[in-house]
Amino acid sequence: MQIKRRKNEGSFTDRLFSRNSQVLIACGLALIFLLVISFNYYDDLIDTADEKSSMLRAGAGEIDESITIAGIDEITTAAAGDDKVENRPPKDDANGGSGQRVAMENEPVLAPEPDPVDIPADSLLHDQNAIINDLPSCGAMRHTLPVDTFDETKPAIFEGWRPPATSNWGDRDSFVKMFGDYQQYLKGRVVQPYMDSNGNQCTVSTRALLSTMKSFRENIQQNDDRDILFFTNNVENKPFLEAIFEDVDPPAAISSLDVFAKGFQVFSSMERGSSHPFHFHDAAWLGQLSGSRLWYFLPPGTRKETVGAKGNGCDYLLGRTLLPEGTTSCIQKAGEVVYFPSKWLHATCALEPFSVGVGGQGGSPSVYNQNFDSISNEQKTTETIDEQKKIAECLGDTAPSSSENDANPAAAEKEDENEKDWTWYDGNLNEYYNKLEKDEHAKRNPNKITSYAVHRWMGPDRSTLIHYKLVRAAIYELIFGVVKSSNDQATNRKLRVFDAGCGLGAGLMWMEQNEPQFELVGHTISEEQHKWIVEDLPKHSFEARLLSYDDPLQGDKNAPLFDAVYSIEAAVHSPDLKNSLKAWSDSLNPGGVIIVIDDFLSVGVPRDDPD
């Protein structure tokens, strides 16, 4: 596990919090999530963080970089000893030569500045905020179809793709006329369906979906981070994709690859300004049938702290967000096919209205949380006023006037029966944990930490103690600047460490046994948990308090500060995580860290994500 050393700077925390502290949040379940907190990343951490490893640098200032320009057309470079000539019309050479361009098969081509004459009038590149001069260059190899082979290990662009779909339904009206009645999932920016008030996944007709997408993007406010994406595949919507691919001829050099033989087909339609945030998966290809899209690429192995928070890829173009270091960008026009290998991180931005592409992807949709129920499309529907109301409800724009249960007493009765199997605590965590401890108390062995280290197991050994090892390793690397091995001896340096949500005290006990020089304090709001620590655990030096973890200093501003705060599967209970994080930060000495291991929701992340 690679962790970056935290610099002892105060500028970020001077801005953010009242105390000159530095903050790290490490979040994880399948693996640890290590995050050095930036205030701008809080919302993304709370809403879309994951049980996997990620770290965001705190206080990252703006970076002034001089970068080359991405282009629509690209210049290939010549290399001595290579006689491969691209099959494309010659251009006049400035020196009077033929202008015929020679390219090495595996050498990246360079990209010039986009020619304003070639940019459609409705392109996002014409936006007054677009900073096309600061876009990085495109490192993808460019080929002219047909080709027999190409370098499959790097992104590539293929020109000259003209399937029947381009003329049959390459414009919005023709597309709606042909496919408007097919049902589709109404999906958001992380490619998950919106839900209605009854918890059902929202489906609408293609006609209504396209109309809503167009209206939504035309009227969206800058601070609205929602999006509507039309992205589907032949597993969840087989009839629709079968109809689409009747007019699509995949490039043979790409579609014949083994990875696609075992994969699935995809369809993507976006409106100007829509985006797919940075993510990665198996190898994929996408042919552009209408409009243009801007691609961003990062090589495999790029760490999540480099990528940063998930956001709209168009924000990079519009100067709202800094591009991750090492990004390349390519503009794909209609009639071009983009290919990229497995695990290349990529994000897209639709540059024009009705930006449509079709393609293929390796693997299975289920691996990427795209395993929704199949849409049969046996009963096609036309757009109605009721359908528009349904869309508004799914997007949260208007609340439905009544629920289905109001008009369906039988459904309401069934729901009531299901709820009888549950005990509700109405947010009273103290009551919940008191009840849980009373029920499980007899199973605990105070002399065996694993019996009361009640965490989700992690790792191949299904350990519930690995959480403490990860916390200690983070402290060593981020405070001491060394990589801690499990076999290393304990440090002789004294640190003051706070356990935010200490539960039954397993973390405190483990830390005390393995790091006896640490001064340990923990807070729990459960009387039964506190009673177990005080009355049942063996003699110990750590202090456990019956207090909220939002009050690490017990309200005493003169109390000694902590060097580290860790919270394991407890931050999720905070009624206001921003407030909790600030309270923890305010309790830290300069250079202190916050480490969080908890459950976080992630979508569209492959299970073999190395982080």
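Buried means under 20% relative accessible area, exposed over 50%, and partly exposed in between, with a 1.4 Å probe and protein chains only. Select Cys349 to begin: at 0% relative accessibility, this residue counts as buried.

The model is predicted; local features need pLDDT of at least 70, side-chain atom pairs count only at pLDDT 80 or more, and totals for chains, interfaces and linings use all residues. Residues are numbered from 1 along each chain as its sequence is written, and side-chain values use heavy atoms, leaving out hydrogens and water.

**Confidence**

Colour the chain by pLDDT, the predictor's confidence in each residue, from 0 to 100. The mean for the protein chain is 78, and 72% of its residues reach 70 or more.

**Disulfides**

Next, display the cysteine side chains. Three disulfides (pairs of cysteine sulfur atoms within 2.5 Å) are found in the whole structure.

From Cys349, move to Cys314, to which a disulfide joins it (S to S 2.1 Å). Helices (H or I, at least four residues) and strands (E, at least two) are DSSP runs, numbered from the N terminus. Cys314 lies in helix 10 (residues 314–317) and Cys349 in strand 12 (residues 345–350), so the pair ties together parts that are 35 residues apart in sequence. The link is right-handed, with 105° about the S-S bond.

Select Cys202 and Cys394, whose sulfur atoms are 1.9 Å apart in a disulfide. The torsion about this S-S bond is about -100°, so the disulfide is left-handed. Cys202 is buried at 0% relative accessible area, and Cys394 is buried at 6%.

Then select Cys138 and Cys330, a disulfide with its sulfur atoms 1.9 Å apart. Both residues are buried.

**The sheet around strand 10**

Four strands form an open antiparallel sheet in the order 7-12-9-10; two strands pair if DSSP finds at least two bridges between them. Strand 7 (275–279) and strand 10 (328–332) are the edge strands, each pairing on one side only. Strand 9 (residues 293–298) pairs with strand 10 over five bridges. Within these strands, Leu294 stands opposite Ile331.

**The nonpolar core**

Finally, select Phe175. This residue is among those that touch the most other members of the largest nonpolar core, which has 45 residues. Such a core is a set of buried Ala, Val, Leu, Ile, Met, Phe, Trp, Tyr and Cys residues joined through side-chain atoms within 4.5 Å. Apart from it lies another core, of 36 residues, among them Trp510 and Phe518.
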